[in-house]
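Please keep the sequence and the model open while reading.

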Amino acid sequence: MKSLGSIRRDFAPWNDPNAKPYIQFDKVTKKFGEFTAVNNLSLTIFEREFFALLGASGCGKSTLLRMLAGFEEPTAGRILLDGQDLRGIPPYKRPVNMMFQSYALFPHMTVEKNIAFGLKQEGMPGPDIERRVAEMLKLVKLEQFAKRKPHQLSGGQRQRVALARSVAKRPKVLLLDEPLGALDKKLREETQFELMDLQQELGLTFVVVTHDQEEAMTMADRIAIMDKGEVMQVATPAEIYEAPTSRFVAHFVGNVNMFEGRVAEHTANATRITGATGAQIVVDNGGNAAAGSDIVFAIRPEKIKVSSKKPADAVNALEGEVYDVAYLGDMTVFHIRLDDGQIVRASALNASRVTEDPLTWNDRAWVSFRPDAGVVLTR
Amino acid sequence: MNSTWSRFNITSIALGFAFLYLPIVLLIVFSFNESKLVTVWGGFSTKWYVSLFHNQGLMDATWVTARVGVISATVATVLGTLAAITLTRYTRFRGRVLFSGMVFAPLVMPEVITGLSLLLLFVAVGLDRGFFTVTLAHITFTMCFVAVVVQSRLVSFDRSLEEAAMDLGAPPVKTFFQITLPVILPAIISGWMLAFTLSLDDLVIASFSSGPGATTLPMKIYSQVRLGVTPEINAACTILIAVVAVGVIIASIANKRREIQRQLDEQAAQRG
C-alpha cells in the first residue's frame with residue numbers, strides 16, 4: 001500500500017466523516033483596533049489529537065490559543081468545545097489549561113504548591129490534592145524537588161513543573177504556548193518525545209503553538225500552517241511536507257525547489273509542464289491544474305538525484321553544472337546551476353561510506369527525478 | 001587601574017567624610033556633654049538622656065509622630081498601590097497621561113505650596129486643625145512616592161502569572177490576593193517604609209496642617225531650637241540617628257543574605 005511519508009497512521013478521525021469534532025473554530029475573527037490578528041478562520045480539532053499551530057510570529061497562532069483559553073474574546077464567530085459555545089465563559093471556568101511560554105510559575109510558592117494551586121481552586125479535599133500532586137511529581141520525575149522554589153530549578157525542571165501544573169487538573173484540552181522554546185536543542189528533542197508519551201498516557205487533547213517546524217513535525221498528529229491570521233493548510237506532517245497545497249506552505253516547511261511554468265498538456269496518466277526557462281517536466285499528479293494555466297512545480301531536494309551521466313531510464317532529467325557542494329556527514333548537499341540558469345538544490349543521503357560517482361565544483365552533472373517526486377501548485 | 005592609597009586619595013576621602021559626618025559627630029558627642037552649654041565640653045554624662053525621657057513635651061511629640069507616621073504610611077500605601085495598578089494596567093483610558101502626571105506632580109511640588117494649599121483647604125471646609133489634618137496631609141504627599149515605587153515593580157511584573165492563576169481556576173479577586181499581592185509585596189513594603197520615613201521627617205507640611213495638641217517631633221525640636229539648643233535635643237537626635245542607622249544596617253544585611261542565598265540556590269539549580 002502506498003502512503004505519503006514513512007508513517008502509517010491508525011489514528012485519523014479527520015478522515016472519518018462521522019467523527020464528532022471536539023474543538024471548533026467557526027468563522028472566528030479577532031481584531032485588535034485596526035489590526036486583524038485572526039481573519040474569518042475555521043478549524044476543527046478532534047478528541048485526543050495532538051494538534052500544532054505553526055507559523056511565523058505575528059501570524060495569529062497565539063491569539064487563537066488565547067481565545068481558546070479565554071484570555072481574548074473573538075470579535076466575530078464562535079468557538080465550540082465539545083459542543084458548548086465558549087463565548088462569555090471566563091478563563092477560570094473553562095475546562096482547558098494552558099502551559100505558558102514563560103512557564104509563569106508562581107515565584108513565591110514551592111513546586112508542590114504550584115502544582116496544587118489549580119486543584120485547590122476547584123475545592124478538592126486535602127488528601128486528594130496530596131495524592132494528585134505526588135502523582136504529578138512522579139509523572140514529570142521531580143519527586144525530590146517538591147519543596148524547592150522555582151528559582152532553585154534549572155530551565156528543564158521549570159518546564160516540567162509548568163507541565164505538571166497544567167495537567168494536574170485533568171483538563172479536557174491542554175494548550176501549550178511554545179512549550180519548548182526556552183530549552184536548549186538537545187533537551188528540546190528529548191522533551192518532544194516526553195510530551196508525546198505524556199499525551200498518549202493521559203489521553204488528552206493537546207493544542208500546541210510553535211514557530212519551530214521540526215517540533216511541530218515531530219509531535220503533532222496534524223499541523224495547521226498559519227499566515228496573516230489565516231490557515232493555509234491543515235494536514236498531517238507527511239501531507240504538509242509531501243503534498244503542500246500552496247507555495248507558501250511548500251516554502252515554509254523544509255527546503256524546496258520551485259520551477260515556474262505552464263501546463264503544456266494532459267495525457268492519459270501524465271501532465272507535461274514547460275518551465276518558464278525551457279525545462280520540460282513530466283509529472284503524474286498534475287491533474288488539478290487546467291491545461292494552459294500558470295503553475296509552480298515544487299520538488300524537495302532529497303527527491304532529486306544527481307549524477308555525472310544522464311540516467312538511462314529517467315523520465316525527467318535536466319543538465320547543468322555543479323555550482324556548490326557541501327558535505328554534511330549524513331548527507332551531501334549539491335547546488336546545480338542548470339543550463340537555463342536556474343539553481344537546483346539536491347541532497348543525497350550518504351548511505352555508504354564510499355561513493356561511485358564523486359562530483360566536484362564545475363563538473364557537468366544531471367539532475368533527475370521521478371514523475372511523482374514533486375507537486376504542482378496552482379496557488 | 002591604580003588602586004593604591006596615595007596621599008591624595010586619603011586626603012580626599014578624609015575631607016569628604018568630614019564634610020558629611022562632622023556635624024553629626026559633633027551632635028552625638030555633645031549629647032553626652034555634662035555642661036548645659038552646647039558648645040563647651042564639661043565632661044561625660046548621660047543625664048540628658050534621662051531628662052529626655054522626663055520631658056513630657058518631647059515624649060508626647062514622639063508619640064504623635066509615630067501615630068501619624070504609621071497611619072498615614074498605611075493609608076498612603078493602599079492608595080498609592082491602587083494608583084500604581086491603575087496606571088500600569090489600564091493603559092488605554094482617556095486622559096491617562098494627565099492622570100499620571102497629576103499623581104506624580106506632588107513629588108516635585110515645593111512643600112511650602114503643598115502645605116499652604118492644604119491649610120487653605122482645611123480652613124475653607126472648616127476642618128479643625130490637629131491630628132486628623134496632619135495625617136491627611138501626610139497621606140496626600142507620601143502617596144505619590146508609594147505609587148512610584150510600586151509602579152516600577154509592576155512594570156516588570158509578568159502578567160502571565162495572573163493569567164496562569166486564572167487559567168487554573170482562580171477568579172480575579174483571588175488571583176490578586178494570592179498571586180499579584182505576594183509577588184509585589186516587597187515593593188509595597190519599601191513604599192510603606194519610604195512613606196513612613198517621609199512622614200517622620202516632615203516639618204514644613206506638618207507646620208501648616210497641624211494644630212494644638214498635635215505637635216510632631218520635628219516641629220517640637222524646631223521650636224525648642226529657636227529658644228536655644230539644649231543638650232536634650234542633641235540626645236533626642238542621637239537616638240533618632242541610632243534608630244535610623246540600625247534600620248539601614250538590618251535592611252542591608254538582610255539584602256546581602258538574600259543575595260547570597262539566591263546565588264547558592266542558582267548553583268544548586270545548575271547542579272540539578
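Strand β16 (residues 316–327) of chain A and β19(A) run antiparallel and are joined by 6 bridges. Strands here, like helices, are DSSP runs numbered from the N terminus: E of at least two residues for strands, H or I of at least four for helices. Two strands are said to pair if DSSP finds at least two bridges between them. In this pairing A:Asn316 stands opposite A:Phe369 of β19(A).

This is a predicted model, in which local features need pLDDT of at least 70 and side-chain atom pairs count only at pLDDT 80 or more, while totals for chains, interfaces and linings use all residues. Residues are numbered from 1 along each chain as its sequence is written, and chains are lettered from A and ligands numbered from 1 in the order in which they are written.

Strand β19 of chain A covers residues 364–369. Strand β15 (residues 305–307) of chain A is also joined to β19(A), by 3 bridges, and these two strands run antiparallel. Here A:Ser307 has A:Trp366 as its bridge partner in β19(A). In a regular strand the side chains alternate between the two faces of the sheet. For β19(A), the covered face holds A:Ala365, A:Val367 and A:Phe369, and the uncovered face holds A:Arg364, A:Trp366 and A:Ser368.

Two residues can be followed from here. A:Pro358 lies in the loop between β18 (343–349) and β19 of chain A. Is A:Pro358 buried or exposed? A:Pro358 is exposed, because 10 other C-beta atoms lie within 10 Å. The cut-offs are 20 or more other C-beta atoms within 10 Å of the residue's own for buried, 12 or fewer for exposed, and anything in between for partly exposed, with C-beta atoms placed from the backbone. A:Pro358 and A:Lys30 are 328 residues apart along the chain, and their C-alpha atoms are separated by 55 Å.

A:His335 belongs to strand β17 (residues 331–338) of chain A. A:His335 counts as partly exposed because it has 16 C-beta neighbours inside 10 Å. Leaving aside neighbours within four places in sequence, A:His335 is in contact with A:Tyr323, A:Asp324, A:Ile343 and A:Arg345; contact requires that the C-beta atoms of two residues, placed from the backbone, lie within 7 Å. A:His335 and A:Trp361 are 26 residues apart in sequence, with 9.5 Å between their C-alpha atoms.

Another sheet of chain A is open and made of 6 strands, in the order β6-β7-β8-β3-β9-β10, with mixed pairing. Its edge strands are β6 and β10 (230–235), each of which pairs on one side only. The twist from one strand to the next averages 20 degrees. A:Met226 stands opposite A:Val231 in β10(A).

Turning to helices, α2 (residues 111–121) and α3 (residues 126–139) of chain A have axes that come within 10 Å and cross at roughly 130 degrees. Axes are lines fitted to C-alpha atoms, for helices over the stretch in contact, and angles run from 0 to 180 degrees between N-to-C directions. That angle makes α2(A) oblique to α3(A); angles under 35 degrees count as roughly parallel, over 145 as roughly antiparallel, 65 to 115 as roughly perpendicular and the rest as oblique. The contact is made by A:Glu112, A:Ile115, A:Ala116, A:Leu119 and A:Lys120 of α2(A) and by A:Ile129, A:Arg132, A:Val133 and A:Met136 of α3(A). By class, this contact has 6 nonpolar, no polar and 3 charged residues. Ala, Val, Leu, Ile, Met, Phe, Trp, Tyr, Cys and Pro count as nonpolar, Asp, Glu, Lys and Arg as charged, and the others, Gly among them, as polar.

In chain B, helix α3 (residues 56–89) and helix α6 (residues 131–155) pack at an angle of about 40 degrees with their axes 5 Å apart. That makes α3(B) oblique to α6(B). Their contact has 21 nonpolar, 9 polar and no charged residues.

Between the chains, 21 residues of chain A are in contact with 19 residues of chain B. On the chain A side, β6 (96–99) and α2 each supply at least two residues. The largest share of that side, 3 residues, comes from α2(A).
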